[in-house]
Amino acid sequence: GTMGPAPAGKQPSGAAREPEVIEPALEDSGKEKKKVSLKKRARAESPAESLLQPVKLSREELYKEPTNEELNRLRETEILFHSSLLRLQVEELLKEVRLSEKKKDRIDTFLREVNQRIKRVPPTPETVLTDQSWLPAGVQVPLHQVPYTVKGSFRFLPPSQVTIIGSYLLGTCIRPDINVDVALTMPREIFQDKDGLNQRYFRKRALYLAHLAHFLAKDPLFGSVRFSYTNGCHLKPLLLLRPCGKDEHLVTVRLHPCPPLDYFRPCRLLPTKNNVRSAWYRGQSLPEGEPPTPHYNTWLLQDSALESHVQMLSTGLGSAQGLKDGVALLKVWLRQRELDKGLGGFNGFLISMLVTFLVSTRKIHTTMSGYQVLRSVLQFLGEAARLGKVSLNSDWLLCTPQPALADFHQVFPVVFLDSSGLLNLCADVTASTYHQVQHEAQLSMALLDSKADDAFQLLLMTPKPMIRAFDHVVHLHPLSRLQAACHRLKLWAELQDSGGDYVSAALGPLTTLLEQGLRSRLHLLAHSRPPVPEWDINQDPPKHKDSGTLTLGLLLRPEGLTSVLELGPEADQPEAADFRQFWGSRSELRRFQDGAIREAVVWEAASMSQKRLIPHQVVTHLLALHADIPESCVHYVGGFLGALIQSPKETSSTGEEALAKAVHCYDDLSRLLWRLEGLPLTVSAVQGTHPVLRYTEVFPPVPVRPAYSFYSHLQERASLLPRPDKPCPAYVEPITMVCHLEGSGQWPQDAEAVRRVRAAFQLRLAEVLAQQHKLQCRATATHTDVLKDGFVFRVRVAYQKEPQILREVRSPEGMISLRDTPASLHLERDTKLLPLLTSALHGLQQQHPAFSGVARLAKRWVRAQLLGEGFTDESLDLVSAALFLHPEPFTPPSSPQVGFLRFLSLVSTFDWKNNPLIVNLNGELTAEEQVEIRSGFLAARTRLPVMVILTPQDRKSSVWTQDGPSAQILQQLVILAAEALPILEKQLMDPRGPGDIRTVFRPPLDMYDVLIRLTPRHIPRHRQAVDPPAASFCRGLLSEPGPSSLMPVVGYDPPQLYLAQLREAFGDLALFFYDQYGGDVIGVLWKPTSFQPQPFKASCTKGHMVVSQGGELVMVPNVEAILEDFAVLGEGLVQAVEARSEKWTV
């Protein structure tokens, strides 16, 4: 049997059966043939009938078998493409990345010219290899010749053969960067015996290119002639030729010199053999014998196999368009994941070889379409992970004497042999890269099987840069430190093998070391591959350290992440010594509760945010201990954004502890309410509604203890009042909650009466709490404020039938009809939907500890942009929740940093106009229900708000965005997020440190017409500003919180009160923007309509002046007077009103 890509869950036959069904059906008797075809035809008929008029066909034609291709296409759309949309998208993408015929013709012309030029390069006389004086000025040898002295001689002769190799020939190259690889076979006369030794072959190859470069650079045909490295390998430079003029971006031709056929003896190049002698490379021979040089040998073999690989690929992929499409799709998939570039990347050549291999082992059939090929390869890569085997080994080995597979596994982490059985195609691929490919393949298969609408978009069109894919990243910089690491790790043999490339020599050992140290905290550790450089032919080739920075990506495992203990073996076990050796001085003996004495490492971390950064301690400790890399070279990027959600006095915590404390106090109070006696009706439920209670309040409240002298007192109500002569007191946010009372026949059936009964309950609640629990309370008709342990809770009594009563509308004839009214909707939202949402998000926080940090950073940013008024707290929390519930193509964030980057990405790329953001809380919605929601959305689009967020409890109306944002404000948010994301990602990817992390949080003020500056004395939350002030005013709190018998000033925020007045007075003329977290500026935008002259009416001249225009009296806004009113209204709070007069004229 063959393994096809088993389609999602339901039909295990289908694609997997394919080769078996079609082939026997063609060989067997006619009877069986009919059976297969009739079944298929029954499916095929209906759409065709409706479209086509019947055509008279002869009997033979009528009963002709459907062709393989027809059958395939039909079965495939049905089984594999869960929608015809996906098929269209795939075809569209392939059209997009394929080369047009016109371009191919222009490229072919260029290639013919290149071929002629190369043949005309003149030969040179023979000289010894170390005499390079014949090289003309203006060209440098593109290779580091260390050590310089080497035997042998060199002369240049034009290539004996020029062959096009690679994807251009196969028709699988993809735009935008079109490369054509050309192999130049160097004539036999250039070589001597033993050129495989001590880099002689590589020296000749480099001189060959240098001479070519000098001649081709003089030719006007070329716009540029530069050197680069083959896949980033420093021993194998190549020459890049680009056309001149308007075609300069058309194509890059890459010249690869290669040895004549069968020049190297394969037995000399086995992975166990040595071809770089220690006496030559290190200046002394080793008593223990020569170390093998497997990578060096592989690079020689690669050059020898260039042409045989092309032949193999062209027979393997041949004329099967589906296979070529599959390769093109896989290349796009790899490129979006940054897996294809650099030394040891999973490049297009590897993936093409893998497809050919899967065809030869019958895992892929040549009749498959591109999409099926993509699925089969992803499935193969994902499953290889479950088998825990890294050998993609070939059943296609045809030659007789094969070296033992074990020899390859001994020296290479990933083994995929070509058909000769001698060359490991994955020689440079590290285990980390391979695990990353597997991880991505598994994620992609799960995504395709989920039949999501946007699977294609997420799979092939969404880039996954490292900083957005991994929770934390670590930059090792400068790279020259890795030289010392190689010595510390005793990697001399590896350096000898790689020609001194200390970056790639150290990579494997370093990732293994860190994986071992982080094991329980880590899902995946990936590393960047140094970018492949290009340089001018008159420059020296770049050094290893010039490739910048080595970046490691950590995908964290939230359950193990925050443990402060690494538990080692018991003291008397033999493994204890290994544990001590691994952890060094950090390991110490400890006695545990069960009496055991064990080795253990304990990390210092008090708060949640410090625990999340324990990997930082692990990484710096292990790198310093085992690799001699000091802390100054390890730049750990994971906690920089924490500063924006730290409360002013806290530097060690990002507020998780304060939130937990408030939630704990709320739990106590809700228990008291449950057990209250002395209320006429019992409490049937207590539910939280405040963001604190779902862990998303940006700055969690802290227990307050007012200093009485700072306030004036209201004796009869045991309350404090602000004093006009003092700065504004600390802001105390009441934590809202709903207390449901049981239903009973005694509730009245009239809305006004219910409201009165409720008010009576609010008063009674305050009395009972004060009597039974000595709590300080203050009741109003709509809520009761309760002071408990320094927190103020605002308890609202609710009766579950009240929304129902508010729906009743009486007609003049006395008929009662039920209809949603603004009041009933509002009440239902606050007493039913909001508690449900709060508890669902509270549950999400228990599953995903990073949710709190992400939601708080997101809200901090939106409000810092002065757009907080447009978005309800709940709508922003839901957008953050979507990142955890629908993370594809990523995994759910495990750090606030990566979650915030994805928030910016989601806001700026989501198509708000044509799609609802469905947030599937608790996974309650099935795929079918989601389809239903989408079609409901499209039908009702014009009646829905600009931004639509739907949940299982709210499937149609998007309650949390009913009152905003407006289209302009959403558009502004999208633009700001799109600008902020690249800036912040660039900062975090900068190995020298991010610089000023607050940059993207500062709002752009140049768009406003007027700025109203406020005085910090009356901004109670001044210390929460994006740029916190060095000093602020005393806000009347004692530093030691303790019991307080007086109710503090609750919810008093002068800037908010001032804003409310401004909006009431001038809301028809202007929009006002403010950052409620300590902002000291209000931005004002004039409404464009307000400056159109209005006809004169004596009744409404407020803020207007009368002017005569064309003989008529009209009113226009009196800007001078309005600005004066701004200042008068905010007397004592407003510092200055700045008009940017050039932006508006009257």
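Modeller: Helices and strands here are DSSP runs numbered from the N terminus, with helices being H or I over at least four residues and strands being E over at least two. On that basis, N922 falls in the loop between β25 (917–918) and α32 (927–940). Bear in mind that this is a predicted model, where local features need pLDDT of at least 70, side-chain atom pairs count only at pLDDT 80 or more, and totals for chains, interfaces and linings use all residues. Residues are numbered from 1 along each chain as its sequence is written, and side-chain values use heavy atoms, with hydrogens and water left out.

Colleague: How many helices and strands does the chain come to?

Modeller: There are 35 helices and 33 strands.

Colleague: Back to N922: is it buried or exposed, and what makes you say so?

Modeller: The cut-offs are under 20% relative accessible area for buried, over 50% for exposed, and partly exposed in between, using a 1.4 Å probe and protein chains only. N922 has 57%, so it is exposed. Its C-alpha is 9.2 Å from that of L841, a residue 81 places away along the chain. For the chain as a whole, 53% of the 1146 residues count as buried.

Colleague: Why is D303 called buried?

Modeller: D303 is at 3% relative accessibility, so it counts as buried. It sits in helix α10 (residues 294–317).

Colleague: And what makes its pairing with K236 a polar contact?

Modeller: A polar contact is a pair of N or O atoms within 3.5 Å; within protein, one must be able to donate a hydrogen and the other to accept it, and residues adjacent in sequence count only if both atoms are side-chain atoms. The side chains of D303 and K236 make such a contact at 3.1 Å. Plain contact just means heavy atoms within 4.5 Å. Leaving out residues up to four places away in sequence, D303 touches Y201, R205, K236, P257, C258 and P259.

Colleague: How do you know what span to expect of α6?

Modeller: The expected span is 1.5 Å times one less than the number of residues. Helix α6 (residues 101–119) has 19 residues, and its 27 Å from first C-alpha to last is close to the 27 Å expected.

Colleague: Which residues of α6 are buried, and why say they share a side?

Modeller: They are I107, F110, L111, V114, R117 and I118. They cover an arc of only 120° around the axis, which puts them on the same side of α6; the arc is that of the directions from the helix axis to the C-beta atoms. In an α-helix there are 3.6 residues a turn, so residues three or four places apart point the same way. On the face turned away from the buried side, α6 carries the exposed residues E101, K102 and R112.

Colleague: What makes you call α28 kinked, and where is the kink centred?

Modeller: The bend at a residue is the angle between axes fitted to the seven residues ending there and the seven starting there. In α28 there is a kink of about 40°, centred on R829. The 26 residues of α28 (residues 822–847) should span 38 Å, and the end C-alpha atoms are 36 Å apart, which agrees. S824, also in α28, has 0% relative accessibility, so it counts as buried. Setting aside neighbours within four places in sequence, S824 is in contact with P803, L806 and R807.

Colleague: What makes something a nonpolar core?

Modeller: It's a set of buried Ala, Val, Leu, Ile, Met, Phe, Trp, Tyr and Cys residues joined through side-chain atoms within 4.5 Å. The largest has 118 residues, of which L212, L239, L255, V355 and V377 touch the most other members. Helix α8 (residues 200–217) gives the most to this core, ten residues. Apart from it lies another core of 74 residues, including M466 and F1073.

Colleague: Which bond joins H477 and P478?

Modeller: A cis peptide bond, with omega about -5°. The bond from E888 to P889 is cis as well, with omega near 0°.
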